Amino acid sequence: MGKPVIEIKNLFVDLDGVTVLEHVNLTVNEYDFLGIIGPNGGGKTTLLRVLLGLVKPVRGKVRIMGESVEKNRHLLGYVPQYAVFDRSFPISVGEVVISARLARKQGRRFSREDYKIADAALERVEMLPLRSRQMGELSGGERQRVLVARALAAQPRILLLDEPTASVDSRFAAGFYELLQELNQEMTLILVSHDISAVSTYVKTLACLNRTLFYENSRELSQEMIENTYHCPVDLIAHGIPHRVLPPHNGVVGS
Amino acid sequence: MEILQFEFMRNALLVGLLVSVACGMIGTYVVVKRIVFISGGISHTAYGGIGLGYYLGFNPMLGATLFTIISALGMGLVQQRSSQRQDTVIGVMWAVGMALGIMFVKLSPGYTADLMSYLFGSILTVPQRDILFILLLDLLIIAAVFRYFEEFKAIAFDEEFARVSGLKVEFFNILLLILVALTVVVMIRAVGIILVIALLTIPPAIAGEFSRGLKGMMGFSVVLGIIFTTAGLYLSYLFDLPSGATIILVAAAGYILALLMKK
């Protein structure tokens with residue numbers, strides 16, 4: 001295990017007067033691949049938004065590589081859910097990816113260096129041949145790869161992904177998770193999803209989030225973690241998927 | 001082409017060109033960012049400034065500039081609050097601007113005959129000093145878009161990611177609304193406050209159907225704006241029709257044609 005890159009202590013977050021996160025404690029170490037699962041509305045996206053500095057916590061301490069969010073959020077790469085974009089927006093894949101260099105841009109135009117970094121990021125996700133394609137013309141899986149390339153173009157140390165396979169068919173998802181495992185050789189990954197089985201196959205550690213975080217430093221989910229998170233027994237059948245999510249158990253789950 | 005002998009005709013064509021450049025560039029952002037309603041609000045508050053100009057006896061175009069910039073700042077603040085009732089506040093500011101204008105005009109001494117030209121446009125009678133003012137605003141708009149093209153594009157496409165990347169999104173959003181305000185002032189003399197929003201959005205809406213990039217969309221919008229203003233001007237001259245309304249109807253016909261072609 002490497003040194004901690006993200007430390008969250010006793011975090012409380014309100015949105016429009018409603019408590020969304022409470023008592024959240026989390027430490028993520030360098031080169032970890034953390035999967036955060038939980039029900040919709042459980043605060044998964046909010047937790048990412050706190051790390052990105054888009055939401056201010058009511059209480060608690062958040063550190064990115066030992067410094068405040070404001071100071072070090074440029075070390076984060078962000079892959080949002082695709083749902084928010086306008087498909088009719090006239091913009092090419094290359095233009096989307098290079099937009100990650102904007103804050104570092106000097107003057108009116110991007111530098112040769114910026115274009116090189118953007119191309120390298122597209123190459124990394126095997127999308128360089130589609131550089132001049134329109135964003136709206138891509139399939140769900142291709143779009144997701146472009147968004148990863150855009151995040152990579154900011155040259156992050158930590159990559160945050162919000163439901164990256166939500167709009168992708170399962171055939172494509174496997175290849176996508178393999179790409180993430182490759183990226184994990186070079187950086188820390190935090191992935192948020194409600195797709196328990198897919199996530200738990202590929203991540204190194206798992207946490208469950210529903211207002212508060214149930215975090216165990218392993219890849220196996222305990223039945224207790226799941227029940228605490230979803231407030232009901234979840235029918236987690238381990239048979240037929242490559243990696244066993246649940247520890248070997250006796251009796252029928254959920255009965 | 002004998003109509004080009006008239007100075008007022010040459011001036012009108014020049015105003016049409018200046019209007020087309022401003023609304024092609026800024027209208028493109030208005031359409032892709034979906035801030036048509038905010039822009040409508042900004043344009044209508046111009047009436048308050050025009051009324052103030054009449055009341056205090058200075059050029060109503062300066063009053064319009066003042067009021068649209070103030071309302072752009074106000075709308076910018078409303079836009080940044082993630083409140084559910086944004087559109088209500090914008091609608092209220094829209095009406096208050098108009099109401100102030102009506103009050104000022106009522107209080108103004110003397111005859112206010114050319115008030116209608118601010119409401120519905122009068123491209124054939126734009127005074128020389130206003131043409132110079134429009135030219136100045138055009139240059140400001142072109143300079144700002146030229147300098148911040150990439151920033152505006154990235155924020156329009158994905159505001160949240162732009163913010164995460166460290167861009168000062170609030171600054172650029174307010175700057176864009178100020179540019180909308182200036183564009184509105186540029187357009188008032190040509191098509192009038194009430195019709196501004198149509199000419200601001202129709203050329204980019206058509207161009208957007210056929211463009212693969214924002215630059216192309218802007219360029220095509222400018223060309224379409226020139227075609228619409230020139231054709232509208234010619235038709236209004238030929239048949240003695242109100243110029244502002246004719247330009248808008250020509251643009252609307254173009255829009256319908258484009259939608260049919262796209263089908």
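This is a predicted model: local features need pLDDT of at least 70, side-chain atom pairs count only at pLDDT 80 or more; totals for chains, interfaces and linings use all residues.

**Stop 1**

How many bridges join E5(A) to E6(A)? There are four, and the two strands run parallel.

**Stop 2: an open sheet and its helix**

Stay in chain A and select strands E1, E2 and E4. These three form an open sheet in the order E2-E1-E4, with antiparallel pairing. Which strands stand at the edges? They are E2 (18-29) and E4 (59-64); each has a single partner strand, so one side of each is left without a neighbour in the sheet. Look along the sheet and you can follow the twist, which averages 15 degrees from one strand to the next.

Zoom in on E1(A), residues 4-15, and E4(A): five bridges join this antiparallel pair. A handy landmark here is A:Ile6, which stands opposite A:Ile64 in E4(A). Next, bring up helix H1 of chain A, residues 44-51. H1 packs on the sheet and touches E1, E2 and E4 of chain A, and its direction makes about 120 degrees with that of E1(A).

You have eight helices and nine strands on screen, and of the 255 residues in the chain, 39% are buried. Among contacts in chain A with a separation of 6 or more, 66% are between residues 24 or more positions apart.

**Stop 3: one valine in chain B**

Jump to chain B and select B:Val185, which sits in helix H8, residues 169-191. Is B:Val185 buried or exposed? It counts as buried because it has 27 C-beta neighbours inside 10 Å, where 20 or more is the cut-off.

Leaving aside residues up to four places away in sequence, B:Val185 touches B:Ala46, B:Met61, B:Ala64, B:Thr65, B:Thr68 and B:Leu137. Then try a distance label from B:Val185 to B:Val19: the two are 166 residues apart in sequence, yet 9.5 Å apart in space, C-alpha to C-alpha.

**Stop 4: helix H9 and two partners**

Select H9 of chain B (residues 196-210) together with H10 of chain B (residues 214-239). Their axes come within 8 Å and cross at roughly 135 degrees, so the two helices are oblique to each other. The crossing is right-handed. For a look at the contact, show B:Pro203, B:Pro204 and B:Phe210 among the residues of H9(B), and B:Met217, B:Phe220 and B:Phe228 among those of H10(B). By class, the residues of this contact are nine nonpolar, three polar and no charged.

H9(B) and H11(B) pack at an angle of about 20 degrees, with their axes 10 Å apart, and that makes them roughly parallel. The crossing of this pair is left-handed. Residues to click in H9(B) include B:Leu199, B:Ile202 and B:Glu209, and in H11(B) they include B:Ile247, B:Tyr255 and B:Lys262. This contact has 12 nonpolar, one polar and two charged residues.

How values were computed. Residues are numbered from 1 along each chain as its sequence is written. Chains are lettered from A and ligands numbered from 1 in the order in which they are written. Axes are lines fitted to C-alpha atoms, for helices over the stretch in contact, and angles run from 0 to 180 degrees between N-to-C directions. Angles under 35 degrees count as roughly parallel, over 145 as roughly antiparallel, 65 to 115 as roughly perpendicular and the rest as oblique. A crossing is left-handed if the near helix is turned anticlockwise from the far one by less than a right angle, and right-handed if clockwise. Two residues are in contact if their C-beta atoms, placed from the backbone, lie within 7 Å. Ala, Val, Leu, Ile, Met, Phe, Trp, Tyr, Cys and Pro count as nonpolar, Asp, Glu, Lys and Arg as charged, and the others, Gly among them, as polar. Two strands pair if DSSP finds at least two bridges between them. A residue is buried if 20 or more other C-beta atoms lie within 10 Å of its own, exposed if 12 or fewer, and partly exposed in between; C-beta atoms are placed from the backbone.
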